[in-house]
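Here are my notes for you to read with the model open. Take them one point at a time and find each residue as you go.

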Amino acid sequence: MTLGQTRVPGVARFTKARLSRAWYLIFAAWLALLLLPDEPSWSKLMMLRPHGKSGTERYRREKHISQLAERDPLTALYNRRALEVRAPRLLDAASPARPDALLLIDIDNFKLVNDLHGHTAGDRLLVALGEMIRSAPPDGALTARLGGDEFAILLGSASNERILELGSALRDRFHQAASQDFATPEAVTLSIGATLFDHPPSSLAALIEQGDTALYASKRGGRDSIRLLDQTLASAEPQRVR
């Protein structure tokens, strides 16, 4: 038997003993990690520690951050980006049997509130209007703050009567609240531009552009009114309602 052959069993026994001790050390380290507190500093150690709880907490944090990202921080309504993401579901469902509508809402003389009572008062008024807009439409409608003092409501299964009823109720509630809380030389009211449509528009941006046309017509016509553009008619003529 050669020298190399006589040394093989010894090497094998040595290697086996070293591996056995290594597995004991790995098991002991894993057991120790199990007993560590579940904190971010420890959760980053290796991949031996189970991450079920920390993974759930991370998922909840990410979901919460995602929800915050789609909400207007002042009014908690959807922001414009979130409206763009959710609007296609309603827009694509528009049909002659089930028309949809977009209402654009803008505060008249809002600058007077900021100038005379301060920006905190202006924020309070925006929050109050946001609460009215959130509670006014039926379930399934989308409500959003587009920016500044401009808001939007996207309605499914709409009609001229429904639009005018909703818009008039909002105007009355808002005017009453604004006049009670903030004295101004000119009335702080709402102008509303609405579009009724029975075919899916090319995009939400195109629909908002049509709503802006109706809104500006309301502003030019004296404010504190609703201007309705009925796109379901062969000849769509704006209707003004005070």
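1. Let's start with how the chain folds back on itself. In the protein chain, 65% of the contacts between residues at least 6 apart in sequence join residues at least 24 apart. Contact here means heavy atoms within 4.5 Å.

2. A quick word on what you're looking at. This is a predicted model, where local features need pLDDT of at least 70 and side-chain atom pairs count only at pLDDT 80 or more, while totals for chains, interfaces and linings use all residues. Residues are numbered from 1 along each chain as its sequence is written, and side-chain values use heavy atoms, with hydrogens and water left out.

3. Now the parts list. The protein chain has eight helices and six strands, in the order α-α-α-α-β-α-α-β-β-α-β-α-β-β from the N terminus. Helices (H or I, at least four residues) and strands (E, at least two) are DSSP runs, numbered from the N terminus. Of the 242 residues, 37% count as buried; that means under 20% relative accessible area, with exposed being over 50% and partly exposed in between (1.4 Å probe, protein chains only).

4. Have a look at β1 (100–108). Nine of its nine residues are buried. Asp100, Leu102, Leu104, Asp106 and Asp108 sit on one side, and Ala101, Leu103, Ile105 and Ile107 on the other. β1 pairs with β4 in the antiparallel sense over nine bridges, and leucine 103 has alanine 194 as its bridge partner there. Six bridges join β1 to β3, also antiparallel, with leucine 102 partnered by leucine 154. For strands to count as paired, DSSP must find at least two bridges between them.

5. Which residues touch the most other members of the largest nonpolar core? They are Leu103, Ile105, Ile107, Leu125, Ile133, Ile153 and Phe174, out of 31 residues. β1, α5, α6, β3, α7, β4 and β5 each supply at least two residues of this core. A second, separate core of 19 residues includes Leu146, Phe197, Leu204 and Ile208. A nonpolar core is a set of buried Ala, Val, Leu, Ile, Met, Phe, Trp, Tyr and Cys residues joined through side-chain atoms within 4.5 Å.

6. Leaving aside neighbours within four places in sequence, isoleucine 133 is in contact with Leu77, Ile105, Thr143, Phe151, Ile153 and Leu170. Threonine 143 lies in strand β2 and is buried, at 11% relative accessible area.

7. Last stop, helix α8. It has 17 residues and reaches 24 Å from its first C-alpha to its last, close to the 24 Å expected (1.5 Å times one less than the number of residues). Its buried residues include Leu204, Leu207, Ile208 and Gly211, and their cover includes α4, β1, β3, β4 and β5. After α8 comes glycine 222, whose phi is positive, near 120°.
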